[in-house]
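This briefing goes through one protein model by topic, for a reader who has the sequence and coordinates at hand. Please look over the structure below before turning to the notes.

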Amino acid sequence: MIWSKEETLPRGQMEQLQLGKLKESVRYIYDRVAPYRAKMDAAGVKPEDIRELSDLQKLPYTVKADFRDNYPMGMFAVAPGELVRFHASSGTTGKPTVVGYTRKDLDVWLDNVARIACMGGASKDDIAQISFGYGTFTGALGLHGGLERIGASVIPMSSGNSKKQMLFMQDIGTTLLVATPSYALHLGEEVREAGLDPEKDLKLRIGLFGGEGMTEPMRAEMQKIWGKGFFCTQNYGMSELCGPGVSGECEALTGMHVNEDWFIPEIIDPATGQVLPEGQSGELVITCLGKEALPLMRYRTGDLTKLDYAPCPCGRTTVRMANLFGRADDMLVIRGVNVFPTQIEEVLLGVPEIGPHYHITVERIEYLDMMTIAVELIDDRLLDSYGQLDELEKRIQKRMHDVLGLATKIKLVAPHSLQRFEGKAKRVTDLRKDGL
Amino acid sequence: MGETMISQVSIFVDNRPGSLWEVTQILGEEGINIRAVAAYDTPEFGILRMVVDQVASAKDVLTRRGFVVRITEVVGAELVDEKGSLGRMLEALAKGGVNVNYIYSFVIRGGKAPVMVFHTDDNEKACAILGEAKIRVVEAGEL
Ligand SMILES: [Zn+2]
């Protein structure tokens with residue numbers, strides 16, 4: 001089911017709608033948010049300069065640091081009395097990022113989440129178990145409100161306590177699970193370990209996943225664990241933009257439909273800030289339309305993806321963003337070429353003679369960037385001759401060159417000799433003095 | 001492969017201080033004796049090749065300690081103490097069309113003659129050729 005008529009607007013009408021809202025939003029933020037007004041003034045842009053959609057590119061970017069510099073509410077456009085809700089996300093360092101909602105903001109947000117729930121196949125007959133942690137995090141209350149709006153019944157379970165999760169699933173007959181993909185896999189394993197067969201013993205049929213990306217291998221694993229009849233989609237958002245509800249996968253699984261009447265996406269080169277043509281991969285930038293408490297222009301999400309405007313079999317006409325393929329912060333610029341560790345990872349995964357761990361060292365030798373990738377040899381059959389090891393190095397080098405367009409150096413090391421990481425892996429050592 | 005072959009253990013080692021020592025240390029702890037050893041290296045890594053008295057346990061313990069280990073068969077030929085002895089072996093193999101990948105020697109034999117270890121592209125043929133040339137091929141049991 002398609003929740004809103006805006007999801008199927010012809011491109012021309014959508015752009016008209018966006019332009020009208022954009023003009024209003026730019027005027028609104030210029031009048032009310034001093035830090036952004038200062039940026040526009042510095043860039044020499046006035047609200048009246050926005051005459052067509054492409055004028056969006058004249059506007060300066062908003063970045064995460066703007067929230068830190070104007071902590072806690074310096075980016076807000078309304079007085080605290082007009083707010084009805086606060087949320088906060090953990091900042092990467094130090095203070096949290098605080099966001100606020102007016103009554104209208106909350107209404108728009110939950111309507112956008114309702115759309116995403118419908119895209120993922122939810123309906124009023126579903127019993128939805130929210131296994132996101134509640135609290136200031138936007139995920140739980142966002143999905144909670146959106147699912148209630150479509151008429152589903154919601155169990156505000158929160159995360160953890162697998163036994164209780166299973167009990168509710170069995171006794172109340174949960175049909176829909178909201179969780180991070182990794183928690184859904186974990187819970188599924190616990191269900192199996194408890195001797196339950198989800199296909200026979202549970203009614204679960206839908207997963208609405210978010211909070212972190214879901215890779216295709218993870219999706220395949222979901223079906224193994226939760227049963228063949230289980231269908232799961234992922235959705236995208238971040239608290240600065242509203243929370244979940246920015247985009248979500250439909251049943252065609254062709255990418256995440258962006259709720260374009262509220263969010264205009266752009267893709268930029270994270271190194272230069274240049275807007276990239278349709279279909280190219282880069283950093284996602286989002287402009288929020290019609291937000292009252294926290295209007296945001298051209299917010300650099302730091303997430304890497306690409307956009308596809310082709311029509312979708314589901315009937316929606318909204319642009320689709322591809323599954324995220326990493327964070328812009330992880331990007332390296334080697335001899336002017338943008339390199340993402342995920343690209344390197346993909347090449348290495350296709351080489352059976354080596355293990356999954358790697359470490360990248362970047363140095364500048366005589367003014368030339370050199371990237372060395374250390375990988376662990378695991379295949380003993382190559383020990384018969386140096387020639388075979390040499391051939392392996394050359395083969396990896398060639399594949400790297402095909403994918404990255406760069407010459408790299410491959411360094412074979414013994415298994416278990418590279419550092420292992422519990423949480424986020426630190427796989428890059430950049431020895432260049434000036435960073436770039 | 002005939003019983004005339006000797007099993008050799010090849011180990012991938014990083015080119016960093018102490019990596020060879022680590023291997024000998026581990027084998028020593030397990031009471032495994034090293035009879036011959038050869039290490040060739042590139043600037044980045046090396047393959048350590050050894051003949052030991054307990055091949056299977058050497059592979060087992062080193063693998064458990066995180067090394068990449070391979071067992072391959074090599075040919076051992078007794079090097080008699082006379083002029084041109086090594087040259088005769090190599091000549092016989094070359095004339096027989098056998099390509100030698102690498103050789104190393106093996107001296108600790110309790111008073112017996114030293115042994116040259118050959119890895120060739122056709123070890124069976126190498127044994128036959130050496131035998132015809134009246135060069136004694138050493139069996140695994142004799143070590
Ligand atoms: Zn679709």
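Helix α4(A) gives the most to the lining of the largest cavity, with 4 residues. The model is a predicted one, in which local features need pLDDT of at least 70 and side-chain atom pairs count only at pLDDT 80 or more, while totals for chains, interfaces and linings use all residues. Residues are numbered from 1 along each chain as its sequence is written, chains are lettered from A and ligands numbered from 1 in the order in which they are written, and side-chain values use heavy atoms, with hydrogens and water left out. Helices (H or I, at least four residues) and strands (E, at least two) are DSSP runs, numbered from the N terminus.

**Cavity**
- The whole structure holds 1 cavity of 30 Å³ or more, a cavity being a set of points on a 1 Å grid over the protein atoms alone where a 1.4 Å probe fits but cannot get out, with lining residues having an atom within 4 Å of a point.
- The largest cavity contains about 100 Å³ of space, the volume being that filled by probe spheres set on the grid points, which are joined across faces, edges and corners.
- Its lining includes Tyr101(A), Asp105(A), Trp109(A), Leu241(A), Trp262(A), Phe263(A) and Lys291(A).

**Nonpolar cores**
- In the largest nonpolar core, which has 51 residues, Leu147(A), Leu241(A) and Phe263(A) touch the most other members; such a core is a set of buried Ala, Val, Leu, Ile, Met, Phe, Trp, Tyr and Cys residues joined through side-chain atoms within 4.5 Å.
- Helix α4 (residues 103-119) of chain A contributes the most to this core, with 8 residues.
- Beyond its neighbours within four places in sequence, Leu147(A) is in contact (heavy atoms within 4.5 Å) with residues including Ala117(A), Ile130(A), Val178(A) and Leu208(A).
- Another core, of 31 residues, lies apart from it and has Ile354(A), Ile360(A), Met371(A) and Leu406(A) among its members.

**Sheet of 9 strands**
- An open sheet with mixed pairing has the order β4-β3-β5-β6-β7-β8-β9-β14-β13 (chain A), where two strands pair if DSSP finds at least two bridges between them.
- At its edges stand β4 (153-155) and β13 (307-308) of chain A, each with a single partner strand, so one side of each is left without a neighbour in the sheet.
- Strands β3 (residues 127-130) and β5 (residues 176-179) of chain A run parallel and are joined by 3 bridges, with Val178(A) in β5(A) as the bridge partner of Ile130(A).
- Helix α4(A) packs on the sheet, touching β6, β7, β8 and β9 of chain A, and its direction makes about 30° with that of β8(A); axes are lines fitted to C-alpha atoms, for helices over the stretch in contact, and angles run from 0 to 180 degrees between N-to-C directions.

- Strand β18 (residues 368-377) of chain A is mostly covered, with 8 of its 10 residues buried, that is, under 20% relative accessible area, against over 50% for exposed and in between for partly exposed (1.4 Å probe, protein chains only).
- Strand β17 (residues 354-365) of chain A runs antiparallel to β18(A), joined to it by 9 bridges, whereas 5 bridges join β18(A) to the parallel strand β19 (residues 409-413) of chain A.
- Met371(A) belongs to strand β18 of chain A and counts as buried because its relative accessibility is 0%.
- The C-alpha atoms of Met371(A) and Ile334(A) are separated by 7.6 Å, although the two are 37 residues apart along the chain.

Conventions. On a 1 Å grid over the protein atoms alone, a cavity is a set of points where a 1.4 Å probe fits but cannot get out, and a pocket is an open set with protein on both sides within 12 Å along at least five of seven lines; lining residues have an atom within 4 Å of a point.
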